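Please consult the sequence and the structure shown below.

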Amino acid sequence: MSAIKLREGVWSVGVLNPSLRVFDIVMTSPYGTSYNAYLVTGGEKTALIETVHKDYFDQLVGNIQEVLPLEKLDYLIMNHTEPDHSGSVRALLERCPNLKVICSNPARKFLNAIANEDFPCQVVKDGDTLDLGGKTLTFLSAPLLHWPDTMFTWDPADQTLFTCDFLGAHFCEPTMVDTGIQAEYRGRYEAELKNYFDCIFGPFHPAVLAGLDKLPAEARLVCTSHGPCLTAATLERAKDCYRQWAAPQPRSAVKTAAVVYCSAYGCTKALAEAMAAALTEDGLQVTAHDVVFDDPAALTGLVNDSDVVLFGAPTLNRNAPEAIWDAVHAVDAINTRGRAAGAFGSFGWTGEAPGMLHEQLRQLKLAVPAAPFKVCFVPTQADLEAAAAWARSVAALAKGPEAPAAPAPAKAKKYVCSICGYIYDPAAGDPDRGAAPGTPFEALPDDWTCPLCRMGKDKFEPVD
Ligand SMILES: Cc1cc2nc3c(=O)[nH]c(=O)nc-3n(C[C@H](O)[C@H](O)[C@H](O)COP(=O)(O)O)c2cc1C
Ligand SMILES: [Fe+2]
Ligand SMILES: [Fe+2]
């Protein structure tokens with residue numbers, strides 16, 4: 001692909017990868033992708049926004065040199081440092097040793113460990129600007145879209161916003177603009193926009209809503225890091241879709257429980273049924289879900305939206321069966337911290353499965369009981385009663401309403417998140433998530449997480 005002029009002084013210089021079929025291990029990309037990069041020139045200075053995957057560095061250089069000699073680059077703006085964008089940074093710095101890298105504070109840390117190189121770097125904060133001569137770029141912090149390092153770059157003169165992964169799609173469109181998509185491919189592009197949203201931003205819905213609020217209303221062109229740039233009509237539609245997809249789901253007024261299990265000969269199933277019956281009797285809204293036979297589409301919602309989740313599996317060849325591991329893998333570990341969960345199952349002679357599942361749930365930072373529940377072969381009536389009692393003990397771990405916190409002492413310290421820079425101010429608290437104004441940092445519950453990047457309390461440091 002050649003350099004493509006998008007606006008006066010704005011070029012697309014990225015590369016196409018039509019062959020990519022799997023991205024980041026977990027995501028399919030049936031129509032390939034593009035690694036986008038952009039050149040922005042002002043009267044005096046020139047900035048490159050992003051690089052490309054390291055395998056495509058030579059093509060990136062070729063595209064830049066269609067517009068200007070590589071040595072003329074003054075700045076490299078890294079909106080996000082995942083290696084599909086930062087993979088060529090090191091090679092580029094070798095060719096342009098005076099190139100100044102502009103990025104957020106977390107991006108600087110990440111880039112040091114990715115490029116393994118000392119380089120001239122300017123850390124920018126939300127609202128900082130960069131004057132290119134007659135064209136001033138503004139940086140807007142946008143943590144978690146897609147990593148804690150992410151920011152947008154806004155070019156008001158051209159009404160053009162560079163959002164990196166935000167509003168992107170793995171779609172290989174040679175014209176680099178949405179208006180170039182052939183009519184019969186339009187639906188496929190929109191399906192990939194959704195696929196990308198689910199896979200990349202699924203765990204970050206609050207950050208998506210914050211990012212949408214941050215988009216300058218005057219933006220007429222959004223240049224993402226994958227797929228075609230969005231012109232006004234597509235942009236409006238994509239914004240509406242993102243807002244709808246990221247909207248919080250209404251929580252049930254009644255406490256909910258999911259009993260997710262598999263069973264070869266009905267022993268684990270009998271335990272699951274006893275547990276489901278006990279929790280139903282206690283007034284919970286319970287769904288029992290056989291991971292082999294029931295609708296797989298329901299699983300993710302069940303394990304992530306229920307107040308209590310019980311995972312049951314027999315031990316087969318000293319392990320738990322793949323189907324139940326898949327169910328545990330569907331847990332969104334970023335957003336379910338502290339959720340009540342437990343593991344149970346029937347076994348014959350070694351019985352590892354419940355313990356393995358229990359350990360994994362604990363490592364995912366769910367609230368688990370002291371021990372998993374297991375029964376040798378066919379459960380007796382006493383076993384079924386014990387199973388019911390154990391399920392009740394797990395349900396008791398589900399949180400009730402937060403008790404109001406004691407007011408903060410007059411000079412309670414602020415704490416800063418070392419990953420994304422969010423500052424916890426005890427005077428403001430975090431009322432959206434149960435911490436009333438006046439809650440000192442130390443009084444936040446252990447499972448409290450950074451409202452921006454969802455890191456735990458252990459990643460916070462006191463502000464002096
Ligand atoms: C293929 C196979 C492998 C098994 N391997 C083990 C094992 O390694 N350790 C063990 O404790 N039980 C093992 N078992 C026994 C089952 O865990 C036991 O039959 C259990 O009661 C099955 O529960 P279910 O009816 O819920 O499937 C195995 C069973 C099968 C069918
Ligand atoms: Fe990314
Ligand atoms: Fe990306």
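Are E82 and D165 buried or exposed?

## Burial and basis

E82 is buried, as is D165; buried denotes under 20% relative accessible area, exposed over 50%, and partly exposed in between, with a 1.4 Å probe and protein chains only.

The model is predicted: local features need pLDDT of at least 70, side-chain atom pairs count only at pLDDT 80 or more, and totals for chains, interfaces and linings use all residues. Residues are numbered from 1 along each chain as its sequence is written, chains are lettered from A and ligands numbered from 1 in the order in which they are written, and side-chain values use heavy atoms, leaving out hydrogens and water.

E82, in the loop between strand 9 (75-77) and helix 2 (83-86), and D165, in the loop between strand 15 (160-164) and helix 5 (183-201), are 83 residues apart and link distant parts of the chain. Helices (H or I, at least four residues) and strands (E, at least two) are DSSP runs, numbered from the N terminus.

Seven strands form an open sheet in the order 1-2-7-8-9-10-11, with mixed pairing; two strands pair if DSSP finds at least two bridges between them. Strand 1 (4-7) and strand 11 (121-123) stand at the edges with a single partner strand each, so one side of each lacks a neighbour in the sheet.

Strand 2 (residues 10-12) pairs with strand 7 (residues 38-41) in the antiparallel sense over three bridges, and V10 stands opposite V40 in strand 7.
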